[in-house]
Amino acid sequence: MMISETNRRKKLVLVVEDDFLLRMDAVLMIEEAGFDVLEAANADDAIMILERRFDIDVVFTDIDMPNGSMNGLRLAHAVRDRWPPIKIVTTSGQLRLKDEDLPHGSKFIPKPYSVKLVNETIRELIQQ
Amino acid sequence: MPAGDTTRSTVASMNQELSAAGGGLAGNEDVLRSVLAGCGDCIKILDLDGRLQFMSEGGKRVMEVEDFGKLKGCPWPDFWTGDGNSDAKRAVEMAKAGSTGRFRGPANTAKGNPRYWDVQVSPIVGIGGKPTHLLSISRDITEEWRATSELKEAAGRQALLAGELQHRIKNTLAMVGAIANQTMQGESVSAAREAFSARLMTLSHAHDILTQTSWTSAPIKDVVEGALTPYRSGRGRIQVSGSNLDLLPKQALALSLAVHELATNGTKYGSLSADGTVDIEWSNEPTETGNGFRFTWTESGGPSVKEPTRKGFGSRLIEKMLANDFGGEVRTFYHPGGVVVELVAPMVRRPQTQVSDL
């Protein structure tokens with residue numbers, strides 16, 4: 001039986017979060033949901049990783065990242081402009097955004113989030 | 001009824017009321033003089049072009065005018081600047097047209113002291129029903145205005161504080177959520193519950209220390225001692241030494257969680273499970289590598305220890321979070337005599353004041 005390329009490997013998610021504890025938690029949570037995970041501590045590092053890797057399927061980013069040249073919202077727009085196929089999940093403990101406030105192919109989930117919500121949100125985006 | 005007739009009928013009824021109040025009051029000019037001298041409002045008469053013609057005695061007092069001769073004939077709206085100037089001109093036009101113009105605004109007294117005024121300008125109607133002069137009455141409402149603006153400022157500060165507090169609470173909730181998620185992994189319910197409560201207490205203690213400085217910094221000694229408190233009463237001895245340093249909020253939270261995890265491990269498996277000791281030391285001196293801050297946790301006199309085969313959340317808090325939030329490196333050595341954990345990082349701040357060193 002042939003297994004198609006897209007089904008053979010786990011989907012790869014890039015987690016962007018400036019707080020160490022929250023990043024660790026998000027990484028472990030998304031791994032637990034069945035994805036491979038890369039991590040970045042700010043938007044600039046995330047852009048660097050995206051420029052070097054061509055296998056990232058989803059960017060999962062915090063919005064409130066005051067240190068660095070851009071916050072998560074600007075990162076989401078940059079990803080949409082430069083890497084249109086990549087899906088984007090944004091999250092924030094402070095802001096409550098609607099999916100319409102975000103670039104096409106993005107979703108917003110509020111912090112704190114559950115494994116179930118993270119898992120469902122990522123899968124829904126990938127299936128679009 | 002034309003405006004002039006209204007005024008005349010008001011005068012008639014006023015004279016009636018004055019006669020009823022006492023003999024010799026009606027038509028007595030001394031009554032008018034006493035009113036003008038006694039009234040704390042600044043009562044002025046302007047000509048129809050808004051030029052100052054007369055100012056009451058009480059008015060000179062509140063306006064701090066010593067020589068009215070210098071002011072007489074000056075355009076009254078020019079005493080007001082900015083919005084007040086156009087408001088005053090508009091009020092003059094309204095009074096000229098027969099109605100009353102009102103506004104509020106700031107203007108200095110003749111001696112340059114700032115005051116805030118409630119102003120009304122109305123026509124003085126002569127025979128024939130047309131305004132011949134304008135009456136301008138300004139009431140000093142500086143106190144009231146100050147109180148109002150202070151209230152507004154206080155409300156603004158309050159809103160800012162509430163926003164800041166909200167922000168902090170959200171961050172703390174996210175942190176607690178992450179600790180809960182990670183603590184509940186693969187442990188029995190009762191063990192997880194105990195570990196979670198202990199971590200929350202550590203976090204809470206670090207918050208107490210940070211609250212004292214409005215979340216700007218935390219003295220390292222307080223952070224370390226706070227995290228050690230539950231372990232002071234057990235077996236083994238803990239010694240702490242190091243200079244007074246101020247940690248950033250992030251560093252304070254990371255260090256208190258790390259010290260808590262180290263002490264927990266020490267109590268379960270290390271020197272604090274026997275009659276051993278823990279030496280906690282730190283130093284902060286410039287070095288060639290740039291990593292001038294060194295923090296060490298040295299256990300001795302306990303059972304021999306081996307590197308664990310599986311590293312859990314506690315180890316991550318010690319090795320990863322501490323390294324990340326200090327921007328340095330953490331190394332763990334499993335010496336036969338006990339565990340040694342060492343953090344080297346860029347220098348941290350010295351305290352602004354040295355009072356607590358004394």
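Colleague: Where in chain B is the place of Trp215(B)?

Modeller: Trp215(B) sits in the loop between α6 and β6 of chain B. Helices are DSSP runs of H or I of at least four residues, strands are E runs of at least two, and both are numbered from the N terminus. By the way, this is a predicted model, so local features need pLDDT of at least 70 and side-chain atom pairs count only at pLDDT 80 or more, while totals for chains, interfaces and linings use all residues. Residues are numbered from 1 along each chain as its sequence is written, and chains are lettered from A and ligands numbered from 1 in the order in which they are written.

Colleague: Why is Trp215(B) called partly exposed?

Modeller: A residue is buried with 20 or more other C-beta atoms (placed from the backbone) within 10 Å of its own, exposed with 12 or fewer, and partly exposed in between. Trp215(B) has 14, so partly exposed it is.

Colleague: And what makes Ser214(B) exposed?

Modeller: Its count is 8 other C-beta atoms within 10 Å, so Ser214(B) is exposed. Ser214(B) lies in the loop between α6 (189-212) and β6 (218-219) of chain B.

Colleague: What is the phi of Ser214(B), and what is that of Trp215(B)?

Modeller: Ser214(B) has a positive phi of about 55°, and Trp215(B) has one near 60°. Most residues other than glycine have a negative phi.

Colleague: Over to chain A: which peptide bond is cis, with omega near -5°?

Modeller: The one from Lys111(A) to Pro112(A). Pro112(A) belongs to the loop between β5 (106-110) and α5 (115-127) of chain A.

Colleague: Why are α3(A) and α4(A) called roughly parallel?

Modeller: Helix α3 (residues 43-52) and helix α4 (residues 72-82) of chain A pack at about 20°, their axes 10 Å apart. Axes are lines fitted to C-alpha atoms over the stretch in contact, and angles run from 0 to 180 degrees between N-to-C directions. Under 35 degrees counts as roughly parallel, over 145 as roughly antiparallel, 65 to 115 as roughly perpendicular and the rest as oblique. The two helices are therefore roughly parallel.

Colleague: How do you know that the radius of gyration of chain A agrees with a compact globule?

Modeller: The radius is taken over C-alpha atoms, and the globule rule is 2.2 Å times the number of residues to the power 0.38. With 128 residues that gives a value near 14 Å, and chain A has 14 Å, so the two agree. The C-alpha trace of chain A spans about 50 × 30 × 30 Å along its principal axes, and 41% of its 128 residues are buried.
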